[in-house]
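Take a look at the sequence and the model, then read on.

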Amino acid sequence: TALLHIGTRKTGTTTIQNMLADTRGSMAPVRYPIMDHDRDHNRLVTLYLPRDRWPVQWRHVRPEDCRRYRRFISKELISADDALLSGEALSSWFDLAAAQRLRDDLEGFGFQRFHVILYVRDPADYYLSFMQQILKVSANGSPMGFHPATFRYGLQRMAQTWEGAFPGSLVVRKFP
């Protein structure tokens, strides 16, 4: 069984990932593979998205780093009975084609059952929380694309992406 935790930003995803990374040694037989002290699986964008669609924070990654990560993730998952992957990038950057390629790989590693959990937040609460975070670290105010009049959460697109790649496996949970 493979569990995919697709937490959108501002839904406690980082806290969940920190707990998983800190306790992964005691989670047997569930594998939570982390490489180079990453505590999440956002790096999966470098394996499943075309390079020109990578988020800015991953554009420095070299092709040999991608190959090393693919070898690592393949080795970890092919030897696992059960696995858990978690990343915000899975919700915001993956499209149906990328999600399907991930599923194809997981099936190639021997996984037969899938659970996809998409954590979401009320769009207005998400917007306010995200803007508060932006304002804490920037004097620039509202970043491009986050103007209240044009803001879009994209929940329907996210749900359609993961339901399309993993039919019947998606559960959407509201962040309390």
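Predicted model: local features only at pLDDT ≥ 70, side-chain atom pairs only at ≥ 80, totals over all residues.

A polar contact is a pair of N or O atoms within 3.5 Å.

**Helix H6**

H6 covers residues 123-137, which makes 15 residues. From its first C-alpha to its last, H6 reaches 21 Å. That is close to the 21 Å expected at 1.5 Å a residue. Which residues of H6 are buried? They are Tyr126, Tyr127, Ser129, Phe130, Met131 and Ile134. An α-helix has 3.6 residues a turn, so residues three or four places apart point the same way.

**The sheet**

Five strands form an open sheet. Their order is E2-E3-E1-E4-E5, and the pairing is parallel. The edge strands are E2 and E5 (170-174), and each of them pairs on one side only. Strands of a sheet pair through backbone hydrogen bonds, either parallel or antiparallel. Strand E4 (residues 114-120) runs parallel to E5, and five bridges join the two. In one of these pairings, valine 120 has lysine 174 in E5 as its bridge partner. Helix H7 (residues 155-165) packs on the sheet. H7 touches strand E1 (2-7), E4 and E5. The direction of H7 makes about 175° with that of E4.

**Asparagine 42**

Asparagine 42 lies in a loop, between strand E2 (30-31) and helix H2 (45-48). Is asparagine 42 buried or exposed? Its relative accessibility is 13%, so asparagine 42 counts as buried; the cut-off for buried is under 20%. The side chain of asparagine 42 reaches the backbone nitrogen of alanine 89 at 2.8 Å. Leaving aside residues up to four places away in sequence, asparagine 42 touches Trp58, Ser86, Gly87, Glu88 and Ala89.

**Salt bridges**

How many salt bridges does a search of the whole structure find? The search finds 10.

| aspartate 36 | arginine 68 | 2.6 Å |

Start with aspartate 36 and arginine 68, whose side chains meet in a salt bridge. This pair links distant parts of the chain, 32 residues apart. Aspartate 36 is in the loop between E2 and H2, while arginine 68 is in helix H3 (residues 63-78). Aspartate 36 has 41% relative accessibility, so it counts as partly exposed. Arginine 68 is partly exposed too, because its relative accessible area is 36%.

Aspartate 38 is buried, with a relative accessible area of 18%. Arginine 43 is buried as well, at 11%.

Arginine 103 counts as buried at 16% relative accessibility, whereas glutamate 107 counts as partly exposed at 37%.

Salt bridges that share partners also build a network: Asp36, Asp38, Arg43 and Arg68 are joined into one.

Technical notes. Residues numbered from 1 in each chain as written. Heavy atoms only, no water. Helix = DSSP H or I, 4+ residues; strand = E, 2+ residues; numbered from the N terminus. Buried < 20%, exposed > 50% of the residue type's maximum accessible area, 1.4 Å probe, protein only. Polar contact = N/O pair within 3.5 Å; in protein donor to acceptor, adjacent residues only side chain to side chain. Contact = heavy atoms within 4.5 Å. Expected span 1.5 Å × (residues − 1). Salt bridge = Lys/Arg side-chain N within 4 Å of Asp/Glu carboxyl O. Pairing = 2+ DSSP bridges. Axes fitted to C-alpha atoms, helices over the stretch in contact; angles between N-to-C directions.
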